[in-house]
Amino acid sequence: MKLKLVMLALIVCLILISCSSRDGGDDFEKDKSYKLKVMAADEQSFMTNYGNYVKARFPNVEFQVIPINQIFGDEDLQESLLQLVAAEQPDVFVGMPFFMIRMLQDSNGLVSLSNVIGKDTLSEIHPGVKQLMEHLGEGEIYSIPTSFISQVLFYNKRVFAEQGITLPIESTNWQEFLQLIRRFVNTDSLGLYLSYSDPSALLTQIGQSEGLAYISPQSHKVTLNTDSWANIAGMVKELYREGVINDWDSADSSDLFLQGKAAIMVGDSSYYTQLEAANLPFEWGVLPLPGADQTKIEIQPEGLVAINSKSQHEAEAVRFIRFLLSDQMADIINHTTNLLPSALSFSYNTDANHPLHFLYTRDADTFITENEERIFSMSGDFQKYMAETMKRMVLDEVGLREGLQLIEEFGNNQTNK
Amino acid sequence: MRSSAIIRLINKRILGVILILFVSGIWLSGCSFARKDPKIEDDTISLSVLYDDSRSFYQDYGNYINMQYPNIKFKVISSDPIYNSDRPVKESLTDLVEKEQPDLLFLTQYQQQILQETNALMPLKALLDSSVLENMPQGVRDLLGYYGDGDFNSVAEVFSSEALFYNKKLFEQFSIPVPDGSMSWADFSNTARRFTNTDVLGLYTASMDPSVLFVKMGLSDGLSYLNKDKTHLTMNTDGWTKLAETVKSMYMDGVVNKAASASDNDFISGSAAMTIAQVGLYEQLVSMKVPFEWGVVPLPASDHSKIPIDLAKLIAVNKNSVNGEAAASIIEFIMSDPAIAANSRASTSLLPTAVATSTDYRESSNPLNFMYTLSANININEQHDRLQSMPEDFIQSFFPELTSRMGDIIRGEIDSRSGLMEVESYGNTLLQALKAK
């Protein structure tokens, strides 16, 4: 009799344990009420993108959203942000731009997620994403992106076949890539189609993927008049002059790759989804972007989440973040944003044959991220000047070295102001 | 122990084990404690869905369905290309459905009508749980029956209704009795005109075009202007003329706004006694916590048992679908899921149709209760649908003419009857020209 009772108790216990671990022992408990204060762009977008799904799964969780769009017009954003946080004391920050996260990070306003999120959750995140966030957090992870953007090459198999050009089976460096593009000269097809065709942007992209930067880290000194940069500028110029890349002011703004008129296109995961849905009459494929180091990709973090260091509800905040990184949310995020979820449970990672699978197996190119940040911090005037001067270089209105020198001087005069 | 006792002990044991297995079976299968529909919870089910586009589908429904049923794989067929082609919508839509054969379709009223005509939709009465249709708000059910030609070939998860909102404080201030659900348009006009020579508008209209109000009144009163065959236009009638006079008197007494509101919406800002608006205004007034008491009543009509009902989105099943049962189960889920209802309400301010998600509104004390109990003024939908199928040329030529004529009538440059006669003859000329093409 006693044995039967003990066995009964054991079975019930096992059921309870298996049931709760299926739900995740750290999920919101059903018989409790939770309230989380969230700082996000605005209430509607937070609820639509995240909140409603949390509530669908855990109806006992209430959100109070503090919108940050109220401070967007302010002069001193940093001051306004820190004041708003001090006044409202949100528990979590969701979907805020990285520069704001950095402001909070620098003022010790964020919890180190490395310490609280748990080994299990950490192991379920894309290692490259983790690596990037550790780098941006100077050794600690202060925020986690629920998704990320990374660009790839799309190629039109039919165009390659029609021109008798061998399809590349893997990506190499930019030199070889540009040589491939130039093989489409004097054909009906473009070698490379860019939805935003700008020779200075292309110059920068090629340079930084080869480990070159024109803005120095500390002093933000601009150095462009070098052999390396002149070499790249020369290659870019040839592309435009030979007409193998689309012009920057082309009257036709329609997507030439979609129309089957270009051999190669640069795009991200949302473009992949677009191509799939378009049921194109030609076979297409995906390749990594060219670059000297093929073990790395540029990772742009999106949908960042972080915890306020002054939050009184850290445990709930952690549960919330864990749910946002769950496999359920991964599918939801991809379906509604077409971005790449950071969760390794996402099908692009679990399916080794998926064309975008490689994006989950590479490290983050933090050099590119750093460089992008530095460029972002340069004035709009400089970027405009650089773009205009590059165009003049392509049009032979100014020599290559001369042009690079002019841009360099403009940039350094700006910094000195 | 006696053998019978041993047998009883063994039976008890077996019973105990069976009980444990039964209980654990329930728990292990549905640990989330939410009731799942056994028809769609196992195995991978692939369903194709006609929707505006993939992202919107997942945002509005797909993600919520997948949270409960991750085993359902959707393929979304976008209806966007229909609106990007130079072919008439009727042709493109029919072709798209014919080619892609979506199982589940989310349609506008007009799209539903097109597919109804080509007999492309599966009757739902036998497919869906009877409670789904039985518990629909009266007006929604009326409209679904109308769109299904007596059958039910689609359901709606949300609906809208246009109503009359009034500012109680302003009515009290000027000692004017508040509107109620038994007003005619003449009563309405008289009420609005009592605010002449005050600093308060009698009526705030978002559209500012008097012909919009004019047509709205006429349709609400059961009038029509385009005949069923769409070959003839009639506005030179006593009914329309009387309404033109009513509109004229309101504008002449200056109780309707003539220009865009400086504050976006004079009613919300508290400087208009009444406004005619969709039910979304209700949510807006509540969430903005406006500093005045307000009320909402049915729109004036000749038949007070009827109100305007709009179904922005209809859900239907393809007649040729082999996944009809699964599609029906998904419809039932959509109708019952509180998360979907909350999301719909937040993004669109439409009212939920299902009982499970609209219990508050169904209380007789709720100000919007009448939207669940009154019948649909189907004349309004009928006239709109007739107009929808007219070529753009007609719409873009006729209505500016109507607006212009109404302006003349209001300014007294032409009497109502003559003005309407001119509009009518202009419209018929257009129709004849169309026929000739």
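**View 1. A:Lys391 counts as buried, because its relative accessibility is 19%.** Buried means under 20% relative accessible area, exposed over 50%, and partly exposed in between (1.4 Å probe, protein chains only). This is a predicted model, in which local features need pLDDT of at least 70 and side-chain atom pairs count only at pLDDT 80 or more, whereas totals for chains, interfaces and linings use all residues. Residues are numbered from 1 along each chain as its sequence is written, chains are lettered from A and ligands numbered from 1 in the order in which they are written, and side-chain values use heavy atoms, with hydrogens and water left out. A:Lys391 belongs to helix 17 (residues 380-394) of chain A; helices (H or I, at least four residues) and strands (E, at least two) are DSSP runs, numbered from the N terminus. Apart from neighbours within four places in sequence, A:Lys391 is in contact (heavy atoms within 4.5 Å) with A:Pro199 and A:Trp248.

**View 2. A:Ser379 occupies the loop between helix 16 (366-377) and helix 17 of chain A.** A:Ser379 has a relative accessible area of 27% and is therefore partly exposed. A polar atom of the A:Ser379 side chain lies 3.1 Å from the backbone nitrogen of A:Phe382. Such a polar contact is a pair of N or O atoms within 3.5 Å; within protein, one must be able to donate a hydrogen and the other to accept it, and residues adjacent in sequence count only if both atoms are side-chain atoms. A:Gly411 is 32 residues from A:Ser379 in sequence, with a C-alpha to C-alpha distance of 8.8 Å.

**View 3. An open, mixed sheet of six strands in chain A has the order 2-1-3-10-4-11.** Its edges are strand 2 (61-67) and strand 11 (340-341), each of which pairs on one side only; two strands pair if DSSP finds at least two bridges between them. Helix 3 (residues 77-88) of chain A lies across strand 1 (34-40), strand 2 and strand 3, running at about 170° to strand 1. Axes are lines fitted to C-alpha atoms, for helices over the stretch in contact, and angles run from 0 to 180 degrees between N-to-C directions.

**View 4. Strand 10 of chain A is mostly covered, with six of its eight residues buried.** Strand 10 (residues 300-307) runs antiparallel to strand 3 (residues 92-94) of chain A, and three bridges join them. In this pairing A:Phe93 stands opposite A:Ala306, and A:Val94 opposite A:Val305. Strand 4 (residues 144-149) of chain A is also antiparallel to strand 10, over five bridges, and there A:Ile144 faces A:Val305.

**View 5. Helix 19 (residues 416-436) of chain B has 21 residues and reaches 30 Å from its first C-alpha to its last.** This is close to the 30 Å expected at 1.5 Å a residue, the expected span being 1.5 Å times one less than the number of residues. Buried residues of helix 19 include B:Gly419, B:Leu420, B:Val423, B:Gly427 and B:Leu431. At the start of helix 19, a side-chain oxygen of B:Asp415 reaches to within 3.2 Å of the backbone nitrogen of B:Arg417.
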